[in-house]
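Welcome! Please have a look at the picture before reading on.

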Amino acid sequence: MSREPEADVPGETPLLGTLPESLRTELIAFRRDLHMHPELGNQEFRTTAALKARLEAAGLRPRVLPGGTGLTCDIGTWDGHRPMLAIRADIDALPIPDTKVDCPYRSTVPDRAHACGHDVHTTTVLGTGLVLADLHRQGLLPRPIRLIFQPAEEVLPGGAVDAVEAGVLDGVGKIIAVHCDPRVDAGKIGLRVGAITSACDRLEVTLDGPGGHTARPHLTTDMVTAAARVATDVPALLARRVDARSGLVLTWGRIEAGHAPNVIPQRAELGGTMRCLDLAAWRDAPDQVYAAIDEVATLHGAKCTINYVRGVPPVVNDPVITELLREAMTRRCGPYAVEDTEQSLGGEDFSWYLEHVPGAMARLGVRRPGDPSRHDLHRGDFDVDEAAIKVGVELFTAAALIDAGAR
């Protein structure tokens with residue numbers, strides 16, 4: 001894929017901090033190495049060591065987080081007064097196989113893959129740090145910047161919770177991030193003011209009651225019927241008890257009951273996720289879900305046990321910081337490189353940072369232009385490094401410089 005010219009918008013003062021060709025080549029190799037060695041949440045020791053070594057080689061002083069994985073790194077020294085801008089990446093992989101074929105940098109770890117693009121996020125923030133560190137050495141970075149390489153984004157309720165408790169936001173006044181999006185063309189970003197992701201919780205339901213023979217269901221709790229009713233009636237009840245504009249959706253992914261066709265079981269289990277587009281509705285969701293499940297289970301004579309695992313709230317982009325990202329991308333690549341994006345039903349623990357400081361997340365395009373496929377990031381013949389890493393680095397460096405007053 002050919003790269004876009006590195007031209008700022010006519011009439012604007014050109015910004016410093018473009019990505020040198022030599023560093024671009026290095027970052028591509030770094031990302032592919034991460035891709036070959038994916039690590040699950042809170043197990044990212046190799047990834048953390050690689051980041052630490054490269055940042056130290058650039059003369060920086062990264063600090064590993066208390067859990068032993070993930071790190072922060074300040075570029076410049078905070079004066080204790082004006083809050084810093086933080087740039088965050090998530091560094092963990094997923095517990096799924098890498099299905100690419102004929103790709104020299106496919107995962108070498110069985111049932112582990114960087115299928116969500118965290119290797120790209122990580123490399124982008126690393127590259128941003130190296131570019132900004134060079135500017136700092138030249139006295140051209142007006143304000144310090146904090147890099148956050150966060151572990152365990154994929155582990156509910158998200159590694160961001162532990163990172164915040166470890167003090168990664170101390171001295172931070174705003175925070176930005178990107179997330180790869182196969183619905184956005186490579187070379188572009190997608191932006192949205194307000195909620196850009198949804199809340200995502202997980203729940204497991206166990207139903208219990210007397211079993212028996214299918215010839216005498218009246219002497220039992222008809223557990224299969226009870227489970228089926230919970231599966232169908234609870235989402236329907238929620239649809240009438242929660243404002244439809246909140247987008248609250250309960251979807252089941254697992255139902256298990258019984259082992260023989262003529263035996264009514266004593267137990268049934270259901271598992272699913274609850275997703276919600278609205279922050280206020282998400283806060284009330286557990287009470288609504290508990291009440292609806294208990295009501296339906298009781299109607300059918302089943303006792304229920306509910307394990308409701310709180311996940312993440314929606315990422316709600318601050319309008320001022322979203323405009324900062326829009327200006328940064330426009331200054332780097334022109335207005336055509338920014339598009340409005342829809343709210344996703346996916347969850348992202350970046351939202352936990354926004355409980356403390358304002359921030360915004362951009363969608364980083366990884367789709368081959370003109371290709372309707374939603375899975376380009378998984379294809380070995382698509383050079384996601386070429387466009388996504390370059391765009392991500394230059395978006396972040398421009399945002400940092402503009403925020404610092406480098407006009």
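Which strands make up the open sheet of 4 strands, and in what order do they come? The order is E10-E12-E8-E13, and the pairing is antiparallel. A second open sheet has 8 strands, in the order E1-E2-E4-E3-E5-E16-E6-E15, with mixed pairing.

This is a predicted model, in which local features need pLDDT of at least 70, side-chain atom pairs count only at pLDDT 80 or more, and totals for chains, interfaces and linings use all residues. Residues are numbered from 1 along each chain as its sequence is written, and side-chain values use heavy atoms, leaving out hydrogens and water.

**Reading the terms**
- Helices (H or I, at least four residues) and strands (E, at least two) are DSSP runs, numbered from the N terminus.
- Two strands pair if DSSP finds at least two bridges between them, and contact means heavy atoms within 4.5 Å.
- Axes are lines fitted to C-alpha atoms, for helices over the stretch in contact, and angles run from 0 to 180 degrees between N-to-C directions.

- Strand E8 (residues 199-208) and strand E12 (residues 267-276) run antiparallel and are joined by 10 bridges; Arg 202 has Thr 273 in E12 as its bridge partner.
- Helix H5 (residues 223-241) packs on this sheet, where it touches E8, E10 and E12, and its direction makes about 175° with that of E10.
- Helix H6 (residues 279-299) lies across E8, E10, E12 and E13, at about 165° to E13.
- An unreviewed UniProt entry annotates residues 203-295 as "domain: Peptidase M20 dimerisation"; such annotations may be inferred rather than shown by experiment.
- Across residues 203-295 the chain is 39% helix and 31% strand, with the end C-alpha atoms 16 Å apart.

- E1 and strand E2 (residues 71-75) run antiparallel, joined by 2 bridges, and Val 64 stands opposite Leu 71 in E2.
- Helix H2 (residues 45-57) lies across E1, E2 and strand E4 (145-150), at about 15° to E2.
- Helix H3 (residues 118-137) lies across E2, E3 (84-90), E4, E5 (172-185) and E16 (359-367), at about 145° to E3.

**Helices that pack together**
- Helix H1 (residues 21-36) packs with H3 at an angle of about 145°, their axes 9 Å apart.
- H2 and H3 pack at an angle of about 15°, with axes 10 Å apart. That makes H2 roughly parallel to H3 (angles under 35 degrees count as roughly parallel).
- The contact of H2 with H3 joins Leu 51, Arg 54 and Leu 55 of H2 to Thr 122, Leu 126 and Leu 130 of H3.

**Backbone details to look for**
- Most residues other than glycine have a negative phi, and most peptide bonds are trans.
- The peptide bond from Leu 156 to Pro 157 is cis, with omega near 0°; Pro 157 is in the loop between E4 and helix H4 (159-165).
- Asp 102, in the loop between E3 and H3, has a positive phi near 55°.

Definitions and conventions
Parallel < 35°, antiparallel > 145°, perpendicular 65-115°, else oblique.
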